[in-house]
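These are my notebook entries on a structure that I looked through by side chain and by element. I kept them in the order in which I looked things up.

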Amino acid sequence: MDRRTILKSLALLGAAAVIPFRKLAAFPSYSKRPYHQFKLGELELMVLADGHINLSPVQPNFPNGTEKAEKELLQKSFRSTDAVDLGMNILLVKKENDFILIDTGTGSGFGPSSGWLLQSMEDAGIKPENITHIIISHAHPDHIGGLVKAEKSVFPAATIHLSRIEHAFWMAAKQDFSKSKFQDKDLLAKFTAITQQTFKLLQSQLHLFEDKAEILGCIRMELAPGHTPGHCVTHIYSGNEQLVHIADLVHSDVLLFPHPEWGFNGDTDIELATKTRRRVMKALADSRTKAIGYHLPWPGLGHVRTNGNEFEWVAETYAFPA
């Protein structure tokens with residue numbers, strides 16, 4: 001940079017310094033939801049926001065931990081000790097003419113702080129009828145709530161892919177929650193009834209898959225049970241690039257990466273969920289594969305690494321919004 005350019009730049013900085021502060025305080029009001037776009041090989045990907053769920057108090061949501069240990073770890077990470085805030089990051093994969101959603105958010109079931117998917121899609125220029133495929137990682141209401149509105153399919157043109165094991169569990173006459181630490185059994189019963197109603201309504205759109213199923217030549221499903229019996233992680237690939245959608249493997253980057261054994265209140269089989277959590281985390285750390293978590297801080301992208309006998313989440317950072 002030459003002397004004249006430097007002096008010109010300094011002059012501009014000087015002019016800016018005398019601008020009254022009140023003129024800088026009128027920030028614009030944004031009405032659009034955020035979305036994050038990136039490429040994976042030949043695939044176009046986008047993370048859409050469905051909002052967030054606030055878990056307060058922290059206990060008993062991570063039942064095998066202690067209130068003291070959890071608060072200490074949250075404080076160490078400069079996080080609130082009053083609540084854990086769960087993001088809901090919905091991944092959209094575009095391959096040629098196919099638009100593939102992974103999970104659909106809460107719909108209207110969890111209040112105004114969530115259920116933003118359709119608005120997020122609209123802001124990104126995507127219509128519900130554009131969606132050709134939906135992958136359901138598991139059938140909890142914050143993942144399938146966006147499938148139905150006013151007893152009608154929200155995505156009528158989509159094939160809905162669901163683990164056969166997951167479907168069989170929820171559609172059975174009785175569900176086994178004996179290995180869960182979820183306290184409100186009446187609420188579990190309500191969740192089950194809503195799930196059954198949803199799957200019955202969408203029966204003609206459902207496609208049940210087995211473990212390691214391949215979908216559209218860019219997705220491979222992997223059974224990762226424990227959170228629910230048919231809970232799956234989704235491997236998205238193109239060329240030599242891969243991204244693993246870990247769904248509800250982890251509900252807190254601060255608490256469950258270093259302590260997978262603390263578990264989550266919503267785990268159907270809390271011990272199996274811990275084993276699966278460790279197995280998948282180790283595989284991700286060993287392979288250095290990028291991952292996205294449904295409930296991790298926006299936009300949920302990053303890597304897992306080992307730290308002694310524990311794990312750490314290394315969030316992906318960006319030099320500019322995209």
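**Helix H7**

I began at the start of H7, where a side-chain oxygen of Asp184 comes to within 3.3 Å of the backbone nitrogen of Asp186. The model is predicted, local features need pLDDT of at least 70, side-chain atom pairs count only at pLDDT 80 or more, and totals for chains, interfaces and linings use all residues. Residues are numbered from 1 along each chain as its sequence is written, and side-chain values use heavy atoms, with hydrogens and water left out.

I checked the length of H7 (residues 185–201): its 17 residues should span 24 Å at 1.5 Å a residue, and the end C-alpha atoms, 25 Å apart, agree with this. The expected span is 1.5 Å times one less than the number of residues. Helices (H or I, at least four residues) and strands (E, at least two) are DSSP runs, numbered from the N terminus.

Which residues of H7 are buried? I noted Leu188, Thr192, Thr195, Gln196, Thr198 and Phe199. Buried means under 20% relative accessible area, exposed over 50%, and partly exposed in between (1.4 Å probe, protein chains only). Seen down the axis, the buried residues of H7 fall within an arc of 160°, so they line one face of the helix; the arc is that of the directions from the helix axis to the C-beta atoms. Asp186, Lys190 and Lys200 are exposed on the other side of H7. The buried residues of H7 pack against helix H5 (141–144), strand E6 (148–149), strand E8 (159–163), helix H6 (164–171) and strand E9 (206–209).

**Aromatic pairs**

I searched the whole structure and found five aromatic pairs. Rings of Phe, Tyr and Trp (its six-membered ring) pair if their centres lie within 6.5 Å; planes under 30 degrees apart count as stacked, over 60 as edge-to-face and the rest as tilted. Phe169 and Trp170 are edge-to-face, at 5.0 Å centre to centre and 85° between the planes. Phe169 is buried at 12% relative accessible area, and Trp170 is buried at 2%. Phe169, Trp170 and Phe177 form one aromatic cluster.

I then looked at Phe257 and Trp313, whose ring centres are 5.4 Å apart with planes at 25°, so the pair is stacked. Phe257 lies in the loop between strand E13 (241–247) and helix H8 (270–287) and Trp313 in strand E16 (residues 310–315), so the pair ties together parts 56 residues apart in sequence. Both Phe257 and Trp313 are buried.

**Nonpolar cores**

The largest nonpolar core has 60 residues, and Leu101, Ile131, Ile134, Phe155 and Leu255 have the most contacts inside it. Such a core is a set of buried Ala, Val, Leu, Ile, Met, Phe, Trp, Tyr and Cys residues joined through side-chain atoms within 4.5 Å. Strand E3 (residues 84–95) gives the largest share of this core, five residues. Apart from this core I found another, of 21 residues, among them Leu43, Ile102, Phe209 and Leu301.

**Arg277**

The side chain of Arg277 makes a polar contact with that of Asp267 (3.1 Å). A polar contact is a pair of N or O atoms within 3.5 Å; within protein, one must be able to donate a hydrogen and the other to accept it, and residues adjacent in sequence count only if both atoms are side-chain atoms.

Terms used
Contact = heavy atoms within 4.5 Å.
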